[in-house]
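Subject: Structure handover

Hello,

Please find the structure below, handed over for your use. My notes come after it.

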Amino acid sequence: MSIKKVLLVDPPFFRFMGERQSSTPLGLAYLAGALKQAGFDVTIYNADFEHREQVPEANKAFSSEVSGFDAYRRGVTDANHPLYSEVVDQIAEQAPDLIGITVKTGKFFVSKTLIGLIKDRLPDVPIVVGGNHVTADAEHTLRRTRADFAVHGEGERTLVALAQGLSAGDAALYELAGLSFRRGGELVHNAPAEQVMDLDEIPFPDRDCILHSDSMTPNDFGNLFASRGCPFACTFCDSRTTWTRRVRRRSAANVVDEMVQIKAKYGTTFFSFSDDCFVTKLDETYELCDEIDRRGLSALGKKEFRFWCEIHPNLITEPLVRRLKKSGCVAIAIGAESGSQRTLDHINKASSTDVIRNAARAIKACDVDLTTFFMIGFPWENEADIGATVDFMAELNPDSGNLSILTPLPGTPVYDYCAERGLVKYDEDFLNCFHQRSSLFVSDAITADRSREIITGAFQRVDQLIEGNRRAKIQRTLERVIAADSASRFGLKLAMAGGLTADAGAADGPADGPAEGADVTLSCDQDYASATIDVSLVVREGTAPEPDLAALRAYLSAALLNELPQYAQVQFAAGK
Ligand code: B12
Ligand code: SF4
């Protein structure tokens with residue numbers, strides 16, 4: 001069989017909820033880079049990206065995810081759902097010789113149905129699966145789906161060797177490390193593949209071959225990895241199943257080469273380091289910062305270049321944050337996980353609420369945005385633990401953050417803990433593998449009905465907290481922008497009319513500003529993922545001469561976006 005064209009597919013998930021996932025599927029892009037280097041023609045199809053309509057990005061208001069998840073569960077289990085036929089049509093249209101599908105545990109059921117439908121339509125095209133779920137349990141994946149091959153662990157080398165072996169009809173492919181396959185009625189699992197020790201040897205992820213990439217925004221291309229692996233061992237986390245606790249790091253030059261390439265090709269301004277633990281050794285982090293500076297990226301200013309990363313709280317200090325900020329870091333995420341010290345100990349976070357508090361303080365002290373990740377619903381937790389977690393999140397007062405419900409992932413110690421107590425059903429519960437829903441709540445101490453109340457209340461509180469902080473930040477920024485116009489260039493004095501409101505129409509009542517001039521009122525809608533700042537300008541009666549409002553609008557818009565480049569636009573209320 002001659003293999004020329006390989007199609008790599010990320011199955012839909014958020015689209016069943018009426019949302020979409022538009023960022024680069026990085027694992028597939030890495031595989032595409034390696035396959036292209038070996039001479040194959042490759043296309044990536046992110047079937048979770050609705051490219052035709054403006055549907056919301058995933059991960060917006062948490063309280064709305066709960067209802068979206070019900071739609072997902074109904075859709076996923078219905079093989080006649082129109083989304084499946086659309087995806088299979090797209091796949092068939094590509095006429096691939098080999099199909100690779102990435103399978104996370106939460107996408108297991110979608111993948112299973114999809115593979116069945118592809119096999120019905122394209123019975124002669126071999127299907128290989130890989131990804132986190134396959135690495136955790138290749139046996140289960142092959143047994144429960146109609147895939148022909150499974151690649152476990154790091155995929156680049158094994159997939160290239162498999163495609164070459166299939167193309168050449170070489171029986172030696174069945175000896176490939178990292179491969180599982182069917183032989184007669186049996187499943188065969190070869191030994192794990194060696195990891196690539198020098199990550200610089202791996203070609204850059206190929207983002208050019210993503211289908212519908214012309215509908216992606218420049219920043220959808222900005223997710224990247226500077227390292228693989230995390231030295232910590234949190235008991236709920238599945239990262240080490242694929243990457244192990246040994247950290248391998250790309251050279252600073254190699255990482256920045258990729259950033260420069262992404263920026264030049266796609267106009268990306270915001271880069272998101274998805275590393276499990278962006279900082280492990282300080283000297284390596286500083287080397288990366290130096291390289292970013294040396295190549296002129298940080299000098300571009302945050303409107304043109306900025307980045308985000310996640311760091312373990314134990315490693316955060318003010319000098320580190322200041323150094324990162326100097327090189328363009330505008331936001332740092334910490335896996336705070338819990339406000340209950342007994343839960344932190346139980347999950348082996350190797351940290352304490354005091355350490356986490358200090359890490360949050362250090363980030364805020366440097367005026368870098370703080371993102372916090374918290375989890376509730378561990379099997380041993382009671383209402384007091386959950387309350388302590390939501391209170392702790394409120395105390396840290398992050399600029400953005402996630403509250404997740406524990407989903408036990410197969411292969412993790414927390415999964416084993418739950419399994420021993422009969423709290424999870426293997427396979428069946430993979431349908432519930434989503435951190436923002438209440439359908440699988442494994443706490444022993446809390447009833448299902450009560451858990452739903454707790455989760456709804458907690459999500460609402462988190463939404464309010466984050467939305468409130470977002471508004472406060474925009475208001476502080478506008479106040480700074482207004483104060484900076486000390487020369488009153490526009491022939492009138494500006495004043496904030498009251499606080500930032502949620503309603504664009506609220507600009508009518510003059511506040512305590514000057515008798516002449518303009519009141520500026522800001523609003524932002526309640527959408528968690530809002531990318532627009534609404535501004536109202538109300539010029540006080542009797543203000544003379546008539547101010548140049550067009551110039552004023554242009555000034556406010558440019559100044560706000562310069563300070564808050566994450567907002568797509570500043571828009572002025574009609575007629576103002
Ligand atoms: C960024 C990220 C996200 C982003 C994804 C954005 C995007 N465009 O991809 C978002 C926020 C959407 C996300 C969502 C979720 N995520 Co997530 N995510 C990650 C994170 C941090 C990085 C992913 C990544 O880019 N990895 C880098 C690439 C290079 O690795 P890779 O994809 O695994 O691919 C390699 C191999 O696995 C293999 N491979 C992968 N696919 C294939 C396919 C074939 C054919 C072959 C041969 C090989 C192969 O080869 C690749 C190259 O070596 C990982 C943690 C991590 N360190 O990986 C968690 C992780 C993948 N997420 C996880 C989870 C649980 C979730 C959620 C369920 C959380 C939730 N909200 O409920 C959802 C799932 C949504 C869904 N159903 O898909 C778990 C998955 C565990 C599991 N067993 O499935 C991880 C491992 C986190 C963890 N520490 O436990 N996530
Ligand atoms: S620090 Fe993060 S990536 Fe590392 S084990 Fe803990 S949760 Fe996983």
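This is a predicted model: local features need pLDDT of at least 70, side-chain atom pairs count only at pLDDT 80 or more; totals for chains, interfaces and linings use all residues.

Residues are numbered from 1 along each chain as its sequence is written, and chains are lettered from A and ligands numbered from 1 in the order in which they are written.

Ligands. A residue counts as near a ligand if its C-beta atom, placed from the backbone, lies within 6 Å of it. Around ligand 1 there are 43 residues, of which G27, G100, T102, G130 and G155 come nearest. Two or more residues each are given to this shell by α1 (26-37), β3 (98-102), β4 (127-130), α5 (132-136), α7 and α8 (239-243). Helices (H or I, at least four residues) and strands (E, at least two) are DSSP runs, numbered from the N terminus. By class, the shell of ligand 1 has 17 nonpolar, 20 polar and six charged residues. Here Ala, Val, Leu, Ile, Met, Phe, Trp, Tyr, Cys and Pro are nonpolar, Asp, Glu, Lys and Arg charged, and the others, Gly among them, polar.

The shell of ligand 2 consists of C230, F232, A233, C234, C237, S239, D276, C277, H312 and G335. Six of these are nonpolar, three polar and one charged.

Helix pairs. The axes of α3 (residues 82-93) and α4 (residues 108-121) come within 10 Å and cross at roughly 50°. Axes are lines fitted to C-alpha atoms, for helices over the stretch in contact, and angles run from 0 to 180 degrees between N-to-C directions. The α3/α4 pair is therefore oblique (under 35 degrees is roughly parallel, over 145 roughly antiparallel, 65 to 115 roughly perpendicular, the rest oblique). Y84, V87, V88, I91 and A92 of α3 meet T113, L114, L117, I118 and R121 of α4, where contact requires C-beta atoms, placed from the backbone, within 7 Å. That contact has eight nonpolar, one polar and one charged residues.

α16 (residues 448-484) and α17 (residues 549-563) pack at about 130°, with axes 10 Å apart, which makes α16 oblique to α17. On the α16 side T477, L478 and V481 meet L556, A559, L560 and E563 of α17.

A161. This residue is found in α7 (residues 156-168). A161 is buried, with 21 other C-beta atoms within 10 Å (20 or more is buried, 12 or fewer exposed, in between partly exposed; C-beta atoms are placed from the backbone). A161 touches L173 and L176, not counting residues up to four places away in sequence.

Regards

Key
Two residues are in contact if their C-beta atoms, placed from the backbone, lie within 7 Å.
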